[in-house]
Amino acid sequence: MSDFAELSVEGKKYQLPIVVGTEAEKALDINKLRDESGYITIDSGYKNTGATKSAITFLDGEKGILNYRGYSIEDLAAKATFLEVAYLLIYGELPTAEQYAEFEGAIRRHTIVNEGVRTIFEGFPVNSHPMATLSSLVSSLSAFYPDSYEGKDNSDRHIIRLLAKLPTIASWSYKRAMGHPMNYPKNDLDYCSNFLNMMFSLPVEKYEVDPVVASALNTLLILHADHEQNCSTSTVRLVGSSQANLYSSISAGISALWGPLHGGANQEVIEMLEAIKADGGDVSKYIDMAKNAKTTGFRLFGFGHRVYKNFDPRAKIIKKAADEVLAKLGVNDPVLEIAKGLEEAALNDEYFIARKLYPNVDFYSGIIYRALGIPTNMFTVMFAIGRLPGWIAQWKEMRAAKEPIGRPRQIYTGATLREFVSIENR
Ligand code: CMC
């Protein structure tokens, strides 16, 4: 294969270097295109734009492959702990037993959150959406740790702090909404059990973490942990490219994740399934509405993906886990049947087949979260806890590579130069 592609514009030829990744992904390098030709490229939604070279996650949307640092998602979900995966993503290799003990131990020691952050939290309305408080409080952490932006190279300490404190902050929303006293972390518990304990234990009775619940949570967090250059991750890298500190960059990622077309879809899915159930459970009516999205404005949440055009490997694992977890917990959730009916109807429908629309990670995750006792408005928070190591890894990679500040161009379509008209003459 040639090392260059040739572009011909207005009779002139330009050579664009070809870049090939380790999994044979191919790209045209247009870094010099504007300098040489005066042309930029337009790619709304960045559907064809490679924003970076990255060694973290490989994803093949046609074949339904997702690997973190070369390890398949199926293997990691079945065999690893979430913190092993976090270490893998952030530092590039699975930790040795010694490295893991140090990493996990450091996270255990940093779970407590400054009481000042809690004072800020208490100023929010009681029923604030947990994603609103999460992104605000993560941003506020930079005020508590000013060395995060004072130019010292101590990002490892902030990485540990973020991983340790996010579950603590997340649990506050639930406790406050319930009107229950907030729990402090218990550092003798592992990562998932500690979160569950902060969420569900009460001072008035004994609470023991159900290992089935902790294990299901571990799997879900691993499935969320990274997904290469998606909307929230690109946001983290873009914000970080201005050399904004880690807390601010992650806070921006949390905000991006909240949108219903991204991580917010998991909340929308359960609300949609509930609405179908309340409406008599007729899935075909909703399939028809989705097929006429242009007039109804209705989309099947949890369906479709920008990158996966065959199946989402995370959805496959989650669907199987949903059956297992609900059976083990003895939960009979009628929306699981509605979800399966909807999936079957959609997968056999010409509209969905033609557009390659399959269930994505969010389609079944809410059903499991619900079985674990997580309230619907916290589903996207769970996604954020899972995605945190991926965001951190991508931020760290971008900074280590000294990537330039992100600054896309545009084609201007507004008015051309005109003279100012004073207000009395308009
Ligand atoms: N229901 C009905 N029609 C759909 C759906 C859907 N969920 N998704 C896409 N389409 C149609 C869309 O109307 C369009 O049809 P046409 O060609 O006739 O105009 C076609 O499929 C292509 O859609 P698109 O919006 O151009 O595709 P995209 O790659 O830009 O969007 C998506 C991807 C995920 C935003 C979109 O599929 C969607 O809105 N899905 C529902 C929200 C959702 O579940 N999001 C979670 C994504 S997975 C978690 C994550 O990583 O964020």
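## Basis of the model

The structure is a predicted model, in which local features need pLDDT of at least 70 and side-chain atom pairs count only at pLDDT 80 or more, while totals for chains, interfaces and linings use all residues. Residues are numbered from 1 along each chain as its sequence is written, and side-chain values use heavy atoms, with hydrogens and water left out.

Helices (H or I, at least four residues) and strands (E, at least two) are DSSP runs, numbered from the N terminus. Two strands are taken to pair if DSSP finds at least two bridges between them. In general, strands of a sheet pair through backbone hydrogen bonds, either parallel or antiparallel.

Strand β1 (residues 4-9) pairs with strand β2 (residues 12-20) in the antiparallel sense, over six bridges. Within this pairing E6 stands opposite Q15, and L7 has Y14 of β2 as its bridge partner. The hairpin of β1 and β2 has two residues between the strands, and E10 takes a positive phi near 50 degrees there.

Strand β2 is also joined to strand β3 (residues 26-28), by three bridges, and the two run antiparallel. Here V19 has A27 of β3 as its bridge partner. Five residues lie between β2 and β3 in their hairpin, where A24 in the turn has a positive phi of about 70 degrees.

## The open sheet β4-β5-β6

Three strands form an open sheet in the order β4-β5-β6, with antiparallel pairing. Its edge strands are β4 (57-60) and β6 (71-72), each of which pairs on one side only.

Four bridges connect β4 with strand β5 (residues 65-68) in the antiparallel sense. L59 stands opposite L66 of β5, and D60 is opposite I65 of β5. The hairpin of β4 and β5 has four residues between the strands, and G64 takes a positive phi near 70 degrees in it.

On the other pairing, β5 and β6 are antiparallel over two bridges, and N67 has S72 of β6 as its bridge partner. Two residues separate β5 and β6 in their hairpin, in which R69 takes a positive phi near 50 degrees.

## Domains and their contact

The domain assignment of the protein chain gives domain 1 (4-67), domain 2 (71-262) and domain 3 (265-372); such bounds come from an automatic or database domain assignment. The C-alpha centres of domain 1 and domain 2 lie 34 Å apart. Eight residues from domain 1 and nine residues from domain 2 take part in the contact, where contact means heavy atoms within 4.5 Å.

Between them, domain 1 and domain 2 bury about 840 Å², 56% of it on carbon and sulfur atoms. Buried area is the accessible area (1.4 Å probe) that two parts lose on being put together, summed over both. Three residue pairs are in polar contact between domain 1 and domain 2, both residues being at pLDDT 80 or more. A polar contact is a pair of N or O atoms within 3.5 Å; within protein, one must be able to donate a hydrogen and the other to accept it, and residues adjacent in sequence count only if both atoms are side-chain atoms. On the side of domain 1 that touches domain 2, β4 and β5 each supply at least two residues. The residues of that side divide into three nonpolar, four polar and one charged, with Ala, Val, Leu, Ile, Met, Phe, Trp, Tyr, Cys and Pro counted as nonpolar, Asp, Glu, Lys and Arg as charged, and the others, Gly among them, as polar.

## Salt bridges

A salt bridge is a side-chain nitrogen of Lys or Arg within 4 Å of a carboxyl oxygen of Asp or Glu.

The side chains of R237 and E403 meet in a salt bridge, at 2.9 Å from N to O. R237 lies in helix α10 (residues 231-241) and E403 in the segment after α19 (379-400), so this pair ties together parts that are 166 residues apart in sequence.
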